[in-house]
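The sequence and the model come first.

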Amino acid sequence: MGWIFLKRPLLILPTLRATKNTFEICNRLYGSTHHKNNKANAFRHALWNVLICMESIKRLKTAQKSIIWAQKVTNLYEKVTKNTNLELQMDLHNNEVGRRAFLTNFDKSEREIIDFIQNKVTNAQNLTQIEDLEKYQDQLIYISE
């Protein structure tokens with residue numbers, strides 16, 4: 001992942017801040033359960049993308065550029081992890097839901113965004129096969145409870 005930051009060194013700290021903040025929030029809200037393929041994990045992925053966008057927009061100046069940056073970083077991260085294909089697709093999907101949430105809530109406070117995503121968690125859908133992804137475009141998804 002280092003090469004992506006070499007191209008955009010001014011985005012290293014904002015991305016690391018967003019990542020650290022995401023884990024602190026998720027640990028506070030969910031303990032260690034957000035490391036499983038559950039609703040807490042869906043929340044973490046969506047929040048991570050929103051916070052990367054919120055931090056990087058300060059440097060990139062536009063929502064679209066910050067979304068592109070978050071997508072590059074998180075997609076690359078997902079592709080280098082050792083997940084099953086179903087887990088990979090779940091994470092990529094929840095990352096995208098987070099970026100869309102940023103677009104519709106970029107003027108909101110962090111607390112309001114957390115509440116917005118937690119509300120989405122209550123309607124999260126259990127994904128059992130990749131073919132079902134199309135049905136859940138704007139919803140968070142999880143694999144297990």
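Helices (H or I, at least four residues) and strands (E, at least two) are taken as DSSP runs, numbered from the N terminus. On that basis the chain contains 6 helices and 2 strands. The model is a predicted one.

**Fold and dimensions**
- Read from the N terminus, the order of elements is α-α-α-α-α-α-β-β.
- The chain is as compact as a globular protein of its length, because its radius of gyration is 14 Å, close to the 15 Å that the globule rule gives for 145 residues.
- The C-alpha trace spans about 40 × 30 × 30 Å along its principal axes.
- Among contacts with a separation of 6 or more, 64% join residues 24 or more positions apart.

**Burial, surface and charge**
- Buried residues make up 44% of the 145 in the chain.
- The chain exposes about 7800 Å², of which carbon and sulfur atoms supply 54%.
- There are 21 positive and 15 negative side chains in the chain.
- The centres of these two sets of charges lie 8 Å apart.

**Cysteines**
- A disulfide is a covalent bond between the sulfur atoms of two cysteines.
- Cys26 takes part in no disulfide, and the nearest cysteine sulfur to Cys26 belongs to Cys53, 16 Å away.
- Cys26 counts as buried, because its relative accessibility is 0%.
- Cys53 likewise counts as buried, at 0% relative accessibility.

Notes
Residues are numbered from 1 along each chain as its sequence is written. This is a predicted model: local features need pLDDT of at least 70, side-chain atom pairs count only at pLDDT 80 or more; totals for chains, interfaces and linings use all residues. Side-chain values use heavy atoms; hydrogens and water are left out. The radius of gyration is taken over C-alpha atoms; the globule rule is 2.2 Å times the number of residues to the power 0.38. Buried means under 20% relative accessible area, exposed over 50%, partly exposed in between (1.4 Å probe, protein chains only). Contact means heavy atoms within 4.5 Å. Accessible areas come from the Shrake-Rupley method with a 1.4 Å probe; for residues, only the protein chains shown count as cover. Lys and Arg count as positive and Asp and Glu as negative; His and the chain ends are not counted. The place of a charge is taken as NZ of Lys, CZ of Arg, CG of Asp or CD of Glu. A disulfide is a pair of cysteine sulfur atoms within 2.5 Å.
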